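Here is a short briefing on one part of a protein chain. Keep the structure open as you read.

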Amino acid sequence: MVQKRLARGGATSLLALLALTCGAAPAAAQETPAAVAGKLRDAAAADDWGYRFLERLTSEIGPRLAGTEALTRAATMAQRELSGAGFENVHAEAFPMTAWIRGVETGEIVAPAPQHLVLTALGGSVATPASGIEAEVALFRTWADLLAAPPQSLTGKIAVVTQRMVRAADGGGYGAANPIRRAGASEAAKRGAVAYLLRSLGTDNHRLPHAGAMNYADDAPRVPAAALANPDADQLERLTALGPVKLRLVLTPTSNENASSVNVVGEVKGSERPDEIVLIGAHLDSWDLGTGAIDDGAGVAIVSAAGRLIAALPHHPKRTLRVVLFGAEEMDYSGAAYAKAHADDAAKIALAGETDFGARKIYMLAAPAGSAKSEFTRTLSETLVPLGIYLGRDPALFAGDDVRGLQTAGVPVISMRQNGLDYFDIHHTADDTFDKIEPQELAQNIAAWTAMAYLAAETDVDFRALATAQR
Ligand SMILES: [Zn+2]
């Protein structure tokens with residue numbers, strides 16, 4: 001059993017220690033940014049405030065589906081927590097969205113061997129008739145096999161794709177398999193299918209299906225879509241190899257086109273150039289099957305805890321640090337909403353990053369483009385060495401779905417890569433719960449994000465200029 005407890009009650013004394021050791025000395029002995037970053041890193045590594053915030057979020061709120069009252073409660077809690085943690089300008093920025101609410105979801109093999117199937121509707125899916133859909137299976141072992149099926153070849157059938165997602169430390173197998181979930185229902189419907197199932201995008205072998213969003217193409221009928229637990233996909237592979245298989249499917253989700261959500265914001269005002277912003281984010285919303293601990297309660301805790309430690313410094317860094325807790329990542333709304341709302345002031349954002357990959361340890365820093373030789377990246381990479389993090393050869397190309405819109409608008413990005421070898425065992429399942437978080441690993445993330453955010457806000461390095469010069 002792993003030791004799960006950090007020293008409780010240590011937070012207040014750590015903050016007092018930071019205040020004493022960072023800047024209380026006379027101006028002549030003013031500490032270097034590297035020294036302050038090192039102290040922040042060490043204070044964060046021993047602090048349990050982030051872990052306790054994550055415990056409160058996942059226990060007192062629980063699942064936080066975007067566009068629902070649960071997200072509203074989470075946003076209220078988040079604003080209270082940020083205010084209590086010393087952030088300024090704490091507020092929520094609303095945006096419209098279509099909410100999707102899960103209904104009944106059952107599946108069963110009707111013939112040749114009647115049995116229950118474990119599955120979950122995809123986010124955005126339409127419902128089956130209340131009485132369900134009963135049809136023969138057309139099973140494809142790869143996505144390419146489905147795409148190769150001729151028009152009308154699936155008329156009246158339930159199309160099933162059982163391609164396996166690849167397990168990898170950087171999580172790359174997920175992106176590679178994403179079209180199977182995103183586009184599968186429409187590709188199946190174009191060929192005449194009446195419903196669509198896929199093997200869950202997950203690397204486990206438990207009877208827990210993985211939720212996730214999908215989109216309909218404009219040029220295909222809208223058919224219901226769901227993800228099978230991986231052992232149930234295996235079962236269908238075995239049975240269809242023996243002969244025809246008939247399924248019955250009941251899915252009753254609903255949509256609300258007039259829903260809304262919010263992005264929650266808090267700031268640590270810059271001491272010299274408050275109009276320049278370093279933005280660090282995570283997403284407050286989650287899927288509804290678990291309580292959103294690894295995805296992305298952990299990220300919420302990481303960036304909030306980092307801001308709290310920086311807010312406690314007697315001398316704030318030069319730039320403003322802005323923490324954004326995005327309110328509809330899973331449904332693909334919050335990043336675009338933020339970029340749209342801030343189209344006119346995106347030029348003031350000096351650097352952006354998002355943490356949305358669980359709470360396993362960070363192993364690599366992907367620095368902003370063109371910054372490899374800068375004082376910022378040298379100091380940061382040296383500060384991260386004791387945490388077991390190396391400077392990657394390649395710059396950050398992607399920093400998270402919620403900051404992609406800002407990146408497209410020209411905002412430089414930074415990324416820190418976490419060990420994701422088991423992330424997709426749990427991701428989007430009922431098993432995404434607080435007990436999966438290892439406090440020491442979460443604390444390592446907080447330490448790295450605190451040091452990074454402080455140095456990015458304190459430096460005079462112009463990340464835009466470096467990225468432009470490199471092009
Ligand atoms: Zn996420």
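The model is predicted.

**Strand β12 and its cover**
- Strand β12 spans residues 319–326.
- The strand is mostly covered, with eight of its eight residues buried.

**Partners of β12**
- Strand β10, residues 254–268, is joined to β12 by five bridges.
- β10 and β12 run antiparallel.
- Look for valine 265, which stands opposite valine 324 in β12.
- Strand β11, residues 273–283, also pairs with β12.
- Here the pairing is parallel, and it extends over eight bridges.
- Leucine 279 has arginine 322 in β12 as its bridge partner.

**From β11 to β12**
- The chain leaves β11, passes through helix α9 (residues 293–311) and reaches β12.
- This β-α-β crossover is right-handed.

**Helix α9 against helix α2**
- Helix α2 covers residues 33–45.
- The axes of α2 and α9 come within 11 Å.
- They cross at roughly 125 degrees.
- The crossing of α2 and α9 is right-handed.
- On the α2 side, Leu40, Ala43 and Ala44 make the contact.
- On the α9 side, Ala305, Leu309 and Ile310 make the contact.

Definitions and conventions: Residues numbered from 1 in each chain as written. Predicted model: local features only at pLDDT ≥ 70, side-chain atom pairs only at ≥ 80, totals over all residues. Buried ≥ 20, exposed ≤ 12 C-beta atoms within 10 Å, placed from the backbone. Helix = DSSP H or I, 4+ residues; strand = E, 2+ residues; numbered from the N terminus. Pairing = 2+ DSSP bridges. Right-handed = clockwise from strand over helix to strand, strands pointing away. Axes fitted to C-alpha atoms, helices over the stretch in contact; angles between N-to-C directions. Left-handed = near helix turned anticlockwise from the far one by under 90°. Contact = placed C-beta atoms within 7 Å.
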